[in-house]
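Let us walk through this structure step by step. We begin with how its strands pair, then turn to its charged side chains.

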Amino acid sequence: MRQKELKTVVTFHTVTEAIAMETACMKENIPGRIIPVPREIKAGCGLSWSMPVSWEGDLSQWMEEKGLKWESVGEYFI
(Lines give C-alpha, C1' and ligand atoms only; values in the text may rest on other atoms or scores of the structure.)
Protein backbone atom coordinates (compact mmCIF):
# COMPACT_ATOMS: atom_id res chain seq x y z
CA MET A 1 0.00 0.00 0.00
CA ARG A 2 1.28 3.45 -0.93
CA GLN A 3 2.07 5.74 2.00
CA LYS A 4 -0.12 8.84 2.16
CA GLU A 5 1.55 12.23 1.69
CA LEU A 6 0.41 15.69 2.71
CA LYS A 7 -0.80 17.50 -0.42
CA THR A 8 -2.57 20.73 -1.22
CA VAL A 9 -5.93 19.85 -2.77
CA VAL A 10 -8.10 22.30 -4.70
CA THR A 11 -11.72 21.36 -5.41
CA PHE A 12 -14.01 22.79 -8.06
CA HIS A 13 -17.71 23.21 -8.76
CA THR A 14 -17.36 22.09 -12.40
CA VAL A 15 -15.10 19.98 -14.60
CA THR A 16 -14.45 23.09 -16.73
CA GLU A 17 -12.94 24.86 -13.71
CA ALA A 18 -10.69 21.85 -12.98
CA ILE A 19 -9.44 21.75 -16.58
CA ALA A 20 -8.78 25.52 -16.51
CA MET A 21 -6.63 25.01 -13.39
CA GLU A 22 -4.68 22.21 -15.07
CA THR A 23 -4.09 24.34 -18.17
CA ALA A 24 -2.93 27.38 -16.18
CA CYS A 25 -0.57 25.29 -14.04
CA MET A 26 0.93 23.55 -17.07
CA LYS A 27 1.61 26.92 -18.75
CA GLU A 28 3.53 28.14 -15.69
CA ASN A 29 5.22 24.83 -14.78
CA ILE A 30 3.41 24.58 -11.47
CA PRO A 31 3.62 20.98 -10.23
CA GLY A 32 0.50 18.94 -9.71
CA ARG A 33 -2.16 16.89 -11.42
CA ILE A 34 -5.89 16.35 -11.60
CA ILE A 35 -7.13 13.58 -9.33
CA PRO A 36 -10.52 12.27 -8.24
CA VAL A 37 -11.75 14.11 -5.17
CA PRO A 38 -10.52 12.19 -2.09
CA ARG A 39 -13.25 10.47 -0.06
CA GLU A 40 -12.61 12.75 2.91
CA ILE A 41 -13.72 15.79 0.90
CA LYS A 42 -17.17 16.69 -0.37
CA ALA A 43 -16.98 18.61 -3.65
CA GLY A 44 -19.08 19.53 -6.65
CA CYS A 45 -17.61 17.99 -9.78
CA GLY A 46 -15.62 14.97 -8.60
CA LEU A 47 -12.25 16.28 -9.82
CA SER A 48 -9.60 18.11 -7.84
CA TRP A 49 -6.08 19.49 -8.31
CA SER A 50 -3.37 17.92 -6.15
CA MET A 51 0.02 19.55 -5.68
CA PRO A 52 2.91 19.51 -3.21
CA VAL A 53 2.39 21.59 -0.09
CA SER A 54 5.96 22.82 -0.54
CA TRP A 55 5.03 24.99 -3.55
CA GLU A 56 6.19 28.49 -2.75
CA GLY A 57 3.57 31.13 -3.32
CA ASP A 58 0.07 32.09 -2.34
CA LEU A 59 -2.07 29.65 -4.31
CA SER A 60 -5.40 31.41 -3.71
CA GLN A 61 -3.94 34.75 -4.79
CA TRP A 62 -2.35 33.17 -7.89
CA MET A 63 -5.66 31.52 -8.88
CA GLU A 64 -7.49 34.81 -8.37
CA GLU A 65 -4.96 36.68 -10.54
CA LYS A 66 -5.47 34.08 -13.30
CA GLY A 67 -9.24 34.39 -13.10
CA LEU A 68 -9.65 30.78 -11.98
CA LYS A 69 -12.66 29.65 -9.99
CA TRP A 70 -12.54 27.02 -7.26
CA GLU A 71 -14.63 25.62 -4.46
CA SER A 72 -12.07 25.07 -1.67
CA VAL A 73 -8.35 24.72 -0.94
CA GLY A 74 -6.93 22.61 1.84
CA GLU A 75 -4.13 20.29 2.90
CA TYR A 76 -4.91 16.59 3.17
CA PHE A 77 -3.07 13.30 3.53
CA ILE A 78 -3.75 11.48 0.28
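Two strands count as paired if DSSP finds at least two bridges between them. The model shown here is predicted. Strand 2, residues 33-36, meets that rule: four bridges join strand 2 to strand 3. The two run antiparallel. Within this pairing, Arg33 stands opposite Ser50 in strand 3.

Strand 3 covers residues 47-52 and also pairs with strand 1, residues 6-11. Five bridges join them, and again the direction is antiparallel. Here Lys7 faces Pro52 of strand 3.

Now for the record. An unreviewed UniProt entry lists residues 9-73 as "domain: Putative Se/S carrier protein-like". The end C-alpha atoms of residues 9-73 lie 6 Å apart.

Next come the charges. Side chains of opposite charge can pair when their charged atoms come close. The structure has three salt bridges.

One joins Glu40 to Lys4, with the closest N and O atoms 4.0 Å apart. Glu40 sits in the loop between strand 2 and strand 3, while Lys4 lies in the segment before strand 1, 36 residues apart. Both Glu40 and Lys4 are exposed.

Another links Glu28 and Lys66, at 2.6 Å from N to O. Glu28 is in the loop between helix 1 and strand 2, and Lys66 is in the loop between helix 2 and strand 4, so the pair ties together parts 38 residues apart in sequence. Glu28 is partly exposed, at 39% relative accessible area. Lys66 is partly exposed too, at 41%.

Glu5 and Lys7 also form a salt bridge, at 3.8 Å from N to O. Why does Glu5 count as partly exposed? Because its relative accessibility is 42%.

Technical notes. Residues are numbered from 1 along each chain as its sequence is written. This is a predicted model: local features need pLDDT of at least 70, side-chain atom pairs count only at pLDDT 80 or more; totals for chains, interfaces and linings use all residues. Side-chain values use heavy atoms; hydrogens and water are left out. UniProt positions are given in the numbering used here, feature names are shortened, and annotations may be inferred rather than shown by experiment. A salt bridge is a side-chain nitrogen of Lys or Arg within 4 Å of a carboxyl oxygen of Asp or Glu. Buried means under 20% relative accessible area, exposed over 50%, partly exposed in between (1.4 Å probe, protein chains only).
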